[in-house]
Amino acid sequence: MKFTQMAKANEIERDWIVVDATDKIFGRIITEVATLLKGKHKPSYTPHVDCGDNVIIINASKAKFSGTKLENKNYYTHSGYFGSTKTHKMAEMLDKNPEKLYKLATRGMLPKTKLGKEMLKKLKVYAGSEHPHSAQIKG
């Protein structure tokens, strides 16, 4: 009988994948990135082990949005004190801090556990085309 091989944390090889967001739909980019961070594209995927790759998103501020999300979608923050709810429009977040916008959207698609937090640490987002990880990328 053959059994399914379960990946172990010390056997996993991580690649560095660069995703260019220029003229791509925001949500499609995020679903692709979440799949890469989880490792579901690998044949050795194991649900309880972080077997995903490191992902770099460049040109984050040049993504496209479908519909009227930029004007209508809001993100909320709350410090825990009464009356401290703050509203941020998606367009403002894209202008001021696109890295935070991408991390928030990706975090929603990853597991809500310690494992999900470890996966999110492997995501690097840059508004422009320059990034400091050129040494890690092969060829």
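Before I begin, a word on terms: when I speak of helices and strands, I mean DSSP runs, at least four residues long for a helix and at least two for a strand, numbered from the N terminus. Please also keep in mind that what we are looking at is a predicted model.

Let me start with the largest pocket, which holds about 220 Å³ of space. Strand S3 (74-77), helix H3 (90-96) and helix H4 (98-107) each contribute at least two residues to its lining, and among the lining residues are Tyr75, His88, Glu92, Lys96 and Leu104.

Turning to charge, the structure has four salt bridges. Asp50 pairs with Arg14, at 4.0 Å from N to O, and this pair links distant parts of the chain, since Asp50 sits in the loop between H1 and strand S2 (54-58) while Arg14 sits in the segment before strand S1 (16-20), 36 residues apart. Asp50 also forms a salt bridge with Lys122, with the closest N and O atoms 2.6 Å apart; Lys122 lies in the loop between helix H5 (114-120) and strand S5 (123-125), so this pair ties together parts that are 72 residues apart in sequence. Asp50 is buried, at 12% relative accessible area, as is Lys122, at 8%, whereas Arg14 is partly exposed, at 34%.

Technical notes
Residues numbered from 1 in each chain as written. Predicted model: local features only at pLDDT ≥ 70, side-chain atom pairs only at ≥ 80, totals over all residues. Heavy atoms only, no water. 1 Å grid on protein atoms, 1.4 Å probe; cavity = no way out; pocket = protein on both sides within 12 Å on 5 of 7 lines; lining within 4 Å. Points joined across faces, edges and corners; volume = space filled by probe spheres on them. Salt bridge = Lys/Arg side-chain N within 4 Å of Asp/Glu carboxyl O. Buried < 20%, exposed > 50% of the residue type's maximum accessible area, 1.4 Å probe, protein only.
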